[in-house]
Structures are given as C-alpha cells and as structure tokens.
Amino acid sequence: MNLQNAVVSGLVAVIVVGWIMHRQTRWQSLDQSRLWRGPIILGLVGFLQMKSVVSGGLGVTAVALLTVSALLAGGIGLVMGLLSQVRSGAQGLEARTGMAGTLLWLVLMAMRIGVDVVAHLAGAAAVTSVGAILLTVALNRAGRAVVLARRAEQVHAVAAH
C-alpha cells in the first residue's frame with residue numbers, strides 16, 4: 001500500500017468512526033428492522049469478502065485471532081446495548097448509546113488495531129482483511145441489537161399491562 005492509499009484509507013476510517021460515534025450520542029428511532037439492517041448488511045459483505053480471502057484455508061493463529069476478535073466485538077456490543085438509554089419519543093421508542101458506549105466503540109477500535117498488529121506479525125493476513133474488519137463491526141452491532149431488541153420487548157410488555 002502506498003502512502004496516498006494509506007492516507008485515504010485513514011481519512012475514510014476516521015470519517016466512518018466519527019459518523020458512528022456521532023450517531024451513538026443522538027436519539028434514534030428503535031425500529032426492529034433498522035436495528036438489524038446494519039449488522040446483517042455488514043455481516044454479509046464481510047462474509048463474502050472473507051470468503052475470497054480464505055479460499056486457501058486459515059491457519060491456527062488466524063482462527064484464534066478471529067475468534068478472540070469476534071468474542072470481544074460481540075461482548076462489547078452487548079455491553080453497549082446495556083449502557084444504551086431507551087425512552088418513549090413522539091414516534092415510539094428511541095435509543096442512544098451515549099458517551100459510555102462511544103468510549104466502548106473506541107475500545108473496540110483499539111482492540112481491532114491490536115489484533116491487526118498481532119496478525120501482521122504472525123503472518124495471518126486474512127485477519128487484517130476488510131472482510132474480517134466488517135465482520136467484527138457486524139458482530140458488535142449485532143450484540144448491541146440483541147440487547148436493545150430485548151429491552152424494547154420489555155418496554156412493550158410493561159406498557160401492555
């Protein structure tokens with residue numbers, strides 16, 4: 001990768017992370033279909049991207065790093081869902097992850113960078129692929145969605161009584 005590509009990739013990453021962090025601090029409609037749209041799309045694209053990268057197979061190191069990355073991403077997502085605030089708004093339920101969730105997003109990014117460094121040093125190139133990164137983000141968003149969907153169900157159940 002040349003310097004120009006690295007700078008462009010870095011800028012795109014900063015913009016995407018900034019956009020996600022901004023959205024996490026704002027109240028968003030807690031719509032079940034919207035809640036799952038992002039994780040599903042990211043997961044499918046990540047899976048298809050990974051499929052082309054791992055056609056030759058994965059080594060033990062790559063599998064271990066992908067497993068650790070997946071568990072941490074999903075776990076951080078679950079905590080983000082627990083830390084999210086939920087309220088009734090004009091259009092129904094709304095949620096925001098808030099600053100604590102945003103800090104966890106930064107922890108996720110730091111974890112991902114650490115995994116990439118270890119993978120690069122260990123020669124596990126598949127772990128550093130765009131597909132692996134997209135799957136990590138998808139698992140994080142899915143973990144958050146699981147908790148928020150459950151919390152929304154509980155709010156609706158309490159309102160029905």
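Helices (H or I, at least four residues) and strands (E, at least two) are DSSP runs, numbered from the N terminus. The model is predicted: local features need pLDDT of at least 70, side-chain atom pairs count only at pLDDT 80 or more, and totals for chains, interfaces and linings use all residues. Residues are numbered from 1 along each chain as its sequence is written, and side-chain values use heavy atoms, with hydrogens and water left out.

**Exercise 1. State how many helices and strands the chain has, and give their order.**

Solution. 
1. The chain contains 5 helices and 3 strands.
2. Read from the N terminus, the order of the elements is α-β-α-α-β-β-α-α.

**Exercise 2. Describe the place of Arg-112 and its salt bridge with Asp-116.**

Solution. 
1. Arg-112 belongs to helix H4, which covers residues 98-122.
2. Asp-116 lies in helix H4 as well, 4 residues from Arg-112, or about one turn of the helix.
3. A salt bridge is a side-chain nitrogen of Lys or Arg within 4 Å of a carboxyl oxygen of Asp or Glu. Arg-112 and Asp-116 form one, with their closest N and O atoms 2.5 Å apart.
4. Buried means under 20% relative accessible area, exposed over 50%, and partly exposed in between (1.4 Å probe, protein chains only). Arg-112 counts as buried because its relative accessible area is 6%. Asp-116 is also buried.
5. A contact means heavy atoms within 4.5 Å. Leaving aside residues up to four places away in sequence, Arg-112 touches several residues, including Ser-69, Val-127 and Thr-136.

**Exercise 3. Examine the salt bridge of Arg-150 and Glu-153.**

Solution. 
1. The side chains of Arg-150 and Glu-153 meet at 3.5 Å, N to O.
2. Both residues, Arg-150 and Glu-153, lie in helix H5 (residues 130-160), 3 residues apart, about one turn of the helix.
3. Arg-150 is partly exposed, because its relative accessible area is 47%.
4. Glu-153 is likewise partly exposed, because its relative accessibility is 46%.

**Exercise 4. Give the share of residues in the chain that count as buried.**

Solution. 
1. The chain has 161 residues.
2. Of these residues, 34% count as buried.
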